[in-house]
Amino acid sequence: MIGILQGILAPLQDTFSPLRKHAKLFTVGVCVPMFLGSLLFVRPSGSYYVNLLDDYWASLPLFFIVILENVAMAWIYGARRFLADLSIMLGRPISPVYRWLWCFLSPLVLLVLFVSTLFHLYLKTITYLAWDSSISNEVCRTYPSWAKVLLIVLIVITILPIPAYFLYILLQMPPVVSMIHSRATDIFKPKAKGRLPKPCPRLQVRQSQKKINEVGKYPGKKLSAL
């Protein structure tokens with residue numbers, strides 16, 4: 001549970017640096033609302049809410065987030081670069097087969113699972129097992145309409161921060177950028193205005209040296225050509 005909590009606290013502290021100054025107060029401020037919210041699940045009807053979240057809510061956002069992580073690692077950061085990082089950390093080379101799995105097979109499988117889960121939620125009636133004391137047995141019942149609305153709201157709240165933050169970063173970027181391709185990485189910088197830079201003096205020296213070498217090979221050629 002501590003590891004899961006650190007997965008929530010650390011990104012928030014990295015994004016909002018003032019939270020690092022009050023780390024203990026921030027931890028309490030996150031844990032107390034989570035504790036109060038979990039009291040809903042210890043009521044007599046708490047198991048029905050657990051089934052609603054576990055069976056219908058968790059899978060769809062999880063597949064969506066994992067697909068974006070896979071695409072970001074394999075196609076944006078680069079699978080080759082990630083393999084190089086792993087080789088440095090592990091101290092041994094890694095098979096390039098993993099690059100093809102990350103780039104093609106994993107996104108395809110995850111996309112199929114995501115679409116099948118979406119169709120499953122759309123076509124299947126959302127039901128739960130309830131105990132009927134009159135017959136002393138479990139019966140299958142349908143969740144009320146407000147539970148379906150709650151499920152949709154939870155799914156949207158879970159997925160919404162990803163496109164929202166993407167649009168925020170996109171609006172913060174300068175309007176005109178030019179990409180400089182490099183072997184190691186891609187660097188973005190504004191386009192240079194004004195005249196083109198003057199040629200490097202080393203290039204002029206190399207050109208003069210080349211002409212001198214040509215004169216040395218052909219003595220009859222005038223030095224005025226320099």
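A: A crossing of two helices is called right-handed if the near helix is turned clockwise from the far one by less than a right angle, and left-handed if anticlockwise. In this predicted model, helix H4 passes helix H6 in a right-handed crossing.

Q: What describes two packed helices?

A: The angle between their axes and the distance between the axes describe such a pair. Here H4 covers residues 59-90 and H6 covers residues 145-159; their axes come within 9 Å and cross at roughly 20 degrees. Angles under 35 degrees count as roughly parallel, so H4 is roughly parallel to H6.

Q: Which residues in H4 meet which residues in H6?

A: From H4, the residues are Leu60, Pro61, Phe64 and Ile65; from H6, they are Ile155, Thr158 and Ile159. Sorted by class, the contact has six nonpolar residues, one polar residue and no charged ones.

Q: Which residues does UniProt list for "transmembrane region"?

A: The unreviewed UniProt entry gives residues 25-44, 56-79, 100-123 and 149-171 under that name. Two of these spans can be read against the model. Residues 25-44 are 70% helix and 0% strand, with end C-alpha atoms 33 Å apart. For residues 56-79 the figures are 96% helix and 0% strand, and the end C-alpha atoms lie 32 Å apart.

Note on methods:
Residues numbered from 1 in each chain as written. Predicted model: local features only at pLDDT ≥ 70, side-chain atom pairs only at ≥ 80, totals over all residues. Heavy atoms only, no water. Axes fitted to C-alpha atoms, helices over the stretch in contact; angles between N-to-C directions. Helix = DSSP H or I, 4+ residues; strand = E, 2+ residues; numbered from the N terminus. Parallel < 35°, antiparallel > 145°, perpendicular 65-115°, else oblique. Contact = heavy atoms within 4.5 Å. Nonpolar A, V, L, I, M, F, W, Y, C, P; charged D, E, K, R; others polar. UniProt positions renumbered as here; feature names shortened; annotations may be inferred.
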